[in-house]
Amino acid sequence: MRRTQSILFLLSVAAPVLMGPATGEAQEKEAPARTERDSATVSDTLPKKTYTLPTINVTATRRAKDIFSTPVPVSVVDSTFIREKIPNTGADLLRDIPGLDVNGVGANQTRPIIRGQRGQRILLLEDGTRMNNSRRQQDFGELPAIVNINDVQQVEVVRGPASVLYGSDAIGGVINLRTNDVPPLLNGDVIGGRVMYNFRSEGSMDRPSGDFFGRVSKFSWRVAGGLRYTQPYTAPAGSFGDLTLQNDAVVQGSGVDDGNINALLAFDLNSSHQLFGRVAAYWADRAGFGYVDNADLGLVDAPVIDINYPEQRVNKLTLGYRAKDVDWLVLDRLDVTGYRIDNERQLDLDIFIPFGEGTPPGAGLVSQSQNYTDLETLGFRIEAAKLLTPDIVLTYGADYFHDDSRNTDHSTTGVIGFGPPDFEESDVPSVPNATYQGFGAFAQGDFTLIDRMTLIVGGRYQSIRANTRETANLDLPPSEHSDKTFVGAANLLIEVVPSLNVIATVGRAFRAPNLVELFFDGATPEGSGYQLRNPDLVAEKSLNMDLGLKFRLGRVGAEAYVFRNKITDGITIAATGEEIGPFPVFQNVNIDNLLYRGVELHADYEPVNGFIVSGSYTYLDGENQDEPATGLGDSYSSRVQANLTYRSPGGRWWSTFNLRHNGERKDVDLGVSPIGPVLPSFTVLDLRGGVTLFTLGPSTNYLGISIENLTNELYAEFSNASFFRPEPRRTLLISWITAF
């Protein structure tokens, strides 16, 4: 039945392979235009390089710029790479980028890490509007999986703070998932689409998807959707640190049934003015945090922790207006976007803590809890740009968001193994119903000081306010928390010679504590303790500096950065020394002097036509300067990446061999982990390739094949190591695309 539904869905929906410019982002006049038919051809596999080719980005400066000329550490993943990678979500595209890692497991639970920062310290955007969720844990941000990866035409990553343009949460970086736009007016009437089917051997994943686009006169549209069915995957036998899996082991909770659909409709008043609206929906069932049975890990009398998400539903409505090339008194470009997001999810937490020696077999503490959260977000962003002189561009605007959080909780806690079970039930919510809102105003000037020097200077005022209200079953008086701040940044680019640019940046950023950090009171989601609320938290603040080089000459491209990011009033979870029942008590507190330093290198070289050799190196060091003996950081200390790619003349077929090596990390607190006190190194090999098979009438057919974890390595990403959740064993991926 499931495969029949997949086939019916696959035959019912269609869309292009490589799409046009993203929603809400204007292209500079000098950027070459591509027709919709050009961008829809599946054979367009020219050697686009992720970092050094003249790829256009808009996220870093809010102007369409070649990344070589952008005075900010920025990385771009284009539509060709997205198609060839066959990713589950947008987070899966980021493992190849210097300074980036991924945490979480499974088909939809992966989330990004930038320069050791994750969760709420990274701002996730969709087409320039925020997706961050004030009811998420600090170390787990919103899911990139909410955005249909097959409707994403480009992913732009700002490595480092970007609070001037985007406000709170951008203290570690920004990831913007830019979705496909409608066909532009200049193309005239057009129609096209594609259907696609993806398969993964691990979890037996079926994923049909597709979309359909068109334009008739001044009306244009795009409709896209997809379904995914996947079971929990299996990790390979092997050793990882002190841990040995004697046999392949299933990572429970790593499967999901999910899907999405979205529709975009636009009306061009003329070549300079456009109205648009977009509706999108995402749904997911039986997703999980992931865990391996203790029997497979060889553990006796160890806790059992099962965190799962039986249901999540996200609906989003976006309305907007764009004006470009209008030459009004105070602006040449104007983008106005309003949005509403309804995000509902259920979280179930099942914990068993055995009492161990001296007690009857099976005796222990049982804790089961269910949380239902409904978060409704209303927001808008107004952004304008004006060319004041040929050498000065002013970008300015304001944004606002309002989260309304409503939730209910039910928990059952008791002791078993000593006769009849003794259970207590509670309906006390862990977080009160509350609102969380932010308003910001920003301005940024882009100055060409001399022919070879560009300076971007900007500032933002931001206010954040959280208000609790009376909540059923919770005896807590309403309270208010607020943060107000001003941040600024300066970015300098000096063209030493036409092939070499020097980059220097300095900027302040901030992150206000969210509802969970301020008001959560209950068992921690990881089951390791009890967390007390702390409404007296203040916002995190950072001072970040980057110094870098960008080189591009002929067939060679490279970039190198060193960075230093110091966070004051950093929010971290700390033990209070008390206990509630068997649980140690923790509380979020502000601490000073969290210092992150690192090096990011990347180079690629095309020795002959068709062959591309590329490599990258990342080094990251974190330090709590108040407690130097305490390890700090949420990623491996070092990583080496190497790629060898060949593309045939005309782009009919291609192949890539990828190597990733993460070095061990000693200065890290893994808690009570079966892998031991040191996070071990690992090496993973992937092999990918694709071919355009044939053209039949107006359609082109493409086949992509990948083998991930070629050597069947047992390993875990950084934040999946202490609560051991390994990655899948050797996995076959197949992608079929028919574009027309």
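Buried means under 20% relative accessible area, exposed over 50%, and partly exposed in between, with a 1.4 Å probe and protein chains only. By that rule, five of the five residues of strand β3 (residues 74-78) are buried; strands (E, at least two residues) are DSSP runs numbered from the N terminus. The model is predicted: local features need pLDDT of at least 70, side-chain atom pairs count only at pLDDT 80 or more, and totals for chains, interfaces and linings use all residues. Residues are numbered from 1 along each chain as its sequence is written, and side-chain values use heavy atoms, leaving out hydrogens and water.

**Strand β3**
- V74, V76 and D78 on one side of β3, and S75 and V77 on the other, are all buried.
- β3 pairs with strand β9 (residues 152-159) in the antiparallel sense over five bridges; two strands pair if DSSP finds at least two bridges between them.
- V76 stands opposite E156 in β9.

**Open sheet**
- Three strands form an open antiparallel sheet in the order β14-β17-β20.
- β14 (234-235) and β20 (291-292) are at the edges, each with a single partner strand, so one side of each has no neighbour in the sheet.
- β17 (residues 249-252) pairs with β20 over two bridges, and Q252 stands opposite Y291 in β20.

**Cavities**
- On a 1 Å grid over the protein atoms alone, a cavity is a set of points where a 1.4 Å probe fits but cannot get out, and lining residues have an atom within 4 Å of a point.
- Grid points are joined across faces, edges and corners, and a volume is the space filled by probe spheres set on the points.
- There are 14 cavities of 30 Å³ or more, and the largest cavity holds about 500 Å³.
- Its lining has 32 residues, with R95, R200, E708, E727 and P728 nearest the centre.

Note on methods. 1 Å grid on protein atoms, 1.4 Å probe; cavity = no way out; pocket = protein on both sides within 12 Å on 5 of 7 lines; lining within 4 Å. Helix = DSSP H or I, 4+ residues; strand = E, 2+ residues; numbered from the N terminus.
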